[in-house]
Amino acid sequence: MSDEQHSSGGQQSFETPLEQLLREKQRDLFLSFSAVSFVLLLLLPWLLGFSSESAFFTEQRLSNIQRFFRELTPYPLREQGFDFHLLCTWVAELWSEKGGEALRITLAISIVAISLAGLLGLLAAVFGARPLRRHRDSQSRTQKLVSYIIHTVCIIGRAIPEYVWAFMLLTVFGPTALAGILALAVHNAGILGRLYLETIENLPDKPLVGLENLGARRSQIMLWGQVPLSMSRFLLYFLYRWETCVRESTVLGLLGLLSLGYWIQDARARTFYDEMFFFILLSSLLVILGDFLSAYLRERLRNSD
Amino acid sequence: MGECVGKKLEGAQGIYSLGSMRGILLLLLAALLFSLFELNQLLPEAKSRGGSYSIAIEFFGRAFSPAFSYQGQDIPEGTAPLLLKAFYACIETLKFAGAAMSLAIPFGLLLGFLSSSSWWISDQSGSGNKKRHLFFRIVPPACYSSARLLAAFLRSIHELLWAVMLLAMFGLSEFAAVLAIALPYSGTLAKIYSEIIDETPRNVAFSLQGTGAGSLQVFTFGILPLAINDMISYTLYRFECAIRSSAILGFFGFPTLGYYIAASFENLYYGEVWSYLYALLVLIIASDFWSRKVRSRLDAGAYV
């Protein structure tokens, strides 16, 4: 179009490289639409306003905030000023009474849950993955159906958050670790299942076709070809999800499991904000340590690639 | 010895290593056994307390027949029909998620830029000027390590724990909920943004630097264009997570989907619970679909 304009103007059309680049840019209506709607999604909430908010910093709220910060100081220190020894005894007491055990439970729940999720995800990938690319057109109807069902179950599992799963499963199982473990496992199995399925389906065909030509059946290709080839990928995703599991298993305590969240909720209910903050910091420490461990293991896996 | 042979083979294939993988798998097995032992020790009630499985059957049975109108008998006059209510709840959920992301994205970008080391590419040829040299040895590392520390702290506390804290601080305020999502999300976004930026190949950046471009120019023309696609698709993924988080915040009394799920569940209206769950499902699947579509267009080389 611009070329026509140039020539009709009677001027010599001379395009700089920059102009040429701009002309050749592939404009995409869908992307423009997406960009506009995303910006709207971010801005509209503020334009519409939130219903309960009239003035945010009311007098009462300000005094509330002040009180909150005052009560964050550990209570033995509130009157006497800072004393390292007192602080240590306070921390030691909280740790031995509640913190240590809760920390272990939190960690244990996360590990058992992610192991279960990994197993389920692996099963989903093994049974749900489509066959090699060259056979995809000639899939049998049962194969298609199984694959379809597994994909759907994965979607449902991961679309519903762990917290909601736990909320529902707790009424079924009572306040035991089992409910939390299952909740975490179901959600993460959905995520891992999808990632594992994608990994297996995106493997290069060549080594697998080699196995096939040697006479391997489909199950043998899966067991000795596809699974071992994607194992390091699987572990990467597994470790990555474990990090979030640690985080979530803390939070499930808010629902009544005996993980760290339980004591956070308990301290909040009694308005012992110092204690609450201590447990929150403890959970944050656990998460950071978990992140470090997982990052270290992932680094080792990557380096061995 | 077996490992040695394994390593050689892998060198030839270059696909995976038995050595470290076996180690990690063994570690995992040990951790699993230990955890099972722990849970068995610490939670004896887990065995004695059998929940009611009839509830489970009833609840999961309703998955195939979600309610389309209220299950309760006495509904006050003028209540919106169930599906409309679910729709409003979805809007509220999106509202909280959007507001939170609108805070998290700029803050995450800022922190992410600060905590990426590529941003600090500078002429370290140290031509004569010793003070300048020293400045670049000290200031950038200090800056990006403190930014990283802040980001790590922000994201190490779960959004619900932020909510517990902020609610204790502000009282029940919707701004507290928005902030509770925005704080940890900006930490996560910062981490991923900085990783993406740092993993971008540097050749373009170095050649620009060679032609005399300054730090800012190198960054905007040499690094950002290569990193932007990954950044966009990760942001969209986080938006999906924000929808989930904002739905959960309903359990704390905010008018998002979680509020209605909890209320219907406690009234034993399992059909309604499933209607709301399916509403959440639709939201999540739609946003997932959208982000995939955007990603594939971006990968095909399209622009806005």
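Helices are taken here as DSSP runs of H or I of at least four residues, numbered from the N terminus. In this predicted model, local features need pLDDT of at least 70 and side-chain atom pairs count only at pLDDT 80 or more, whereas totals for chains, interfaces and linings use all residues. Residues are numbered from 1 along each chain as its sequence is written, and side-chain values use heavy atoms, with hydrogens and water left out.

Just after helix α12 of chain B, B:Gly301 adopts a positive phi of about 90 degrees. Helix α12(B) itself, comprising residues 270–299, reaches 43 Å from its first C-alpha to its last, close to the 44 Å expected, the expected span being 1.5 Å times one less than the number of residues.

The contact between the chains (heavy atoms within 4.5 Å) takes 89 residues from chain A and 87 residues from chain B. About 8000 Å² is buried between them, with 74% given by carbon and sulfur atoms; buried area is the accessible area (1.4 Å probe) that two parts lose on being put together, summed over both. The two chains are joined by 4 salt bridges, defined by a side-chain nitrogen of Lys or Arg within 4 Å of a carboxyl oxygen of Asp or Glu.

Technical notes
Chains are lettered from A and ligands numbered from 1 in the order in which they are written. Helices (H or I, at least four residues) and strands (E, at least two) are DSSP runs, numbered from the N terminus.
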